Amino acid sequence: MSLVADPFGLLDELPNLLIGQDLSRINAVVVFVGVNDAVNLTAEKAWERNMGLLLRALERETSNETSVYVMDIQPIRSIPVFDSLLGSIANAHARRLTARTERVCRSILRAVYLPLTENTILVSGRYRNSSDYRLWGEFLACEMAARLDLAHDRHGSNMVSPVQITAPPEVEAGVESHLRETRFDPVLALAQQSFGTESAAFVLRDHSGLRVVASAGPTGVNPARSDSMSATVVIQPGALVVGDTETDERFRGKPYVTGPPFMRFFAGFPIESPSGERIGILCVFDPKPRSRADTDIVLLRQLALMIQHELQAIRS
């Protein structure tokens, strides 16, 4: 998960925050903006134009599977610091801006407007605090869960079935013959050290299935087998983090859990070809379980991108 924020910014400034951001592998984008525009009485036509520009930019920069969720402007007077006559004026203007937002969202295929309800508004102090954001997070999770293209929805359950994997042309032509000349060890060592795990591995999808190209630490039973966690990562759009495999019905009892490397914790992120096909993964794993909440997905993604860029350099 990545956060791009400017607490004092206006809608027309948001596109500048996206410069340099890689949004191609984001599953969902949440746009939360409007309080400052409402207080500053931003012109309605300008708001509608700028909202359209922002949402179309996000549509261009994300994959076809990505949804863009636009949060309602919170009631201005529900913010204690604006509970005043100015807040009433700003609140009325916010409702007019909201009507424009809904209209823009209806014109963009992957944009979803999310109106706030009374149950999502707290008055917790002079400014918003963690309780407010937690409540909004729960609201977002409920709204987004039904729309996200999760792997267990596609397969009808959380169980992992063996998958037949064929290699994309990018792997079979040009890259495969040069892999032995490429050193992925520094990235894997960095992943192993950063996450404090016993092992890290780069798993490649080729014509014969999945195989470990390079690793740091023991891998034991092939972690790239067709019913493994690596196979699960390859067929889903984002990261897979399993805090304790023995409590996860998908993986407990698997040979790589009950035998070497006794994999209890696992985190993996897919590696893609330039055309967007998932051709491998970077994963870290350990014989000791740990909390999923302590796993830095952003760091794992950045390390996966380092390997991805190296693969692209080989092909070029």
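The model is a prediction, in which local features need pLDDT of at least 70 and side-chain atom pairs count only at pLDDT 80 or more, whereas totals for chains, interfaces and linings use all residues. Residues are numbered from 1 along each chain as its sequence is written, and side-chain values use heavy atoms, with hydrogens and water left out.

The protein has 11 helices and eight strands, assigned as DSSP runs numbered from the N terminus (H or I over at least four residues for helices, E over at least two for strands). Of its 316 residues, 46% are buried, where buried means under 20% relative accessible area, exposed over 50% and partly exposed in between, with a 1.4 Å probe and protein chains only. Among contacts (heavy atoms within 4.5 Å) with a separation of 6 or more, 70% are between residues 24 or more positions apart.

The largest nonpolar core contains 27 residues, of which Val 31, Met 51, Leu 55 and Leu 58 touch the most other members; such a core is a set of buried Ala, Val, Leu, Ile, Met, Phe, Trp, Tyr and Cys residues joined through side-chain atoms within 4.5 Å. Two or more residues of this core come from each of strand 1 (28–31), helix 2 (35–39), helix 3 (44–61), strand 2 (67–71), helix 4 (85–106) and strand 3 (111–114). When residues up to four places away in sequence are not counted, Leu 58 touches Leu 18, Leu 23, Val 29, Val 31 and Val 68. A second, separate core comprises 23 residues and includes Leu 188, Leu 204, Val 284 and Leu 311.

Leu 188 also belongs to helix 8 (residues 185–195), in which Val 187, Leu 188, Ala 191 and Phe 195 are buried. These four residues lie on the same side of helix 8 because they cover an arc of only 95° around the axis, the arc being that of the directions from the helix axis to the C-beta atoms. On the face turned away from this buried side, helix 8 carries the exposed residues Pro 186 and Gln 193, and just after the helix Gly 196 takes a positive phi of about 65°.

A search of the whole structure finds one aromatic pair. Phe 184 and Phe 202 form this pair, which is tilted, with 4.8 Å from centre to centre and 55° between the planes; rings of Phe, Tyr and Trp (its six-membered ring) pair if their centres lie within 6.5 Å, with planes under 30 degrees apart counted as stacked, over 60 as edge-to-face and the rest as tilted. Phe 184 lies in the loop between helix 7 (169–175) and helix 8, and Phe 202 in strand 4 (residues 199–206), so the pair ties together parts that are 18 residues apart in sequence. Both Phe 184 and Phe 202 are buried. In a further contact with a ring, Arg 290 lies over the face of Phe 265, at 4.4 Å from the ring centre, under the criterion that NZ of Lys or CZ of Arg is within 6 Å of the ring centre and within 35 degrees of the ring normal.

The structure holds eight salt bridges, each defined by a side-chain nitrogen of Lys or Arg within 4 Å of a carboxyl oxygen of Asp or Glu. Glu 44 forms one with Arg 100, the closest N and O atoms being 3.4 Å apart, and since Glu 44 lies in helix 3 and Arg 100 in helix 4, the pair ties together parts that are 56 residues apart in sequence. Glu 44 is partly exposed at 24% relative accessibility, whereas Arg 100 counts as buried at 19%. Arg 95 forms a salt bridge with Asp 72, with the closest N and O atoms 3.4 Å apart; Arg 95 lies in helix 4 and Asp 72 in the loop between strand 2 and helix 4, 23 residues apart. Here Arg 95 is partly exposed, with a relative accessible area of 34%, while Asp 72 is buried at 6%.

The side chains of Arg 264 and Glu 246 meet in a salt bridge at 3.8 Å, N to O. Arg 264 lies in the loop between helix 10 (255–258) and strand 7 (265–272), and Glu 246 in the loop between strand 6 (240–242) and helix 10, so that this pair ties together parts that are 18 residues apart in sequence. Arg 264 is buried at 19% relative accessible area, and Glu 246 is partly exposed at 45% relative accessibility. Salt bridges that share partners join Glu 44, Glu 48, Arg 96, Arg 100 and Arg 103 into one network.
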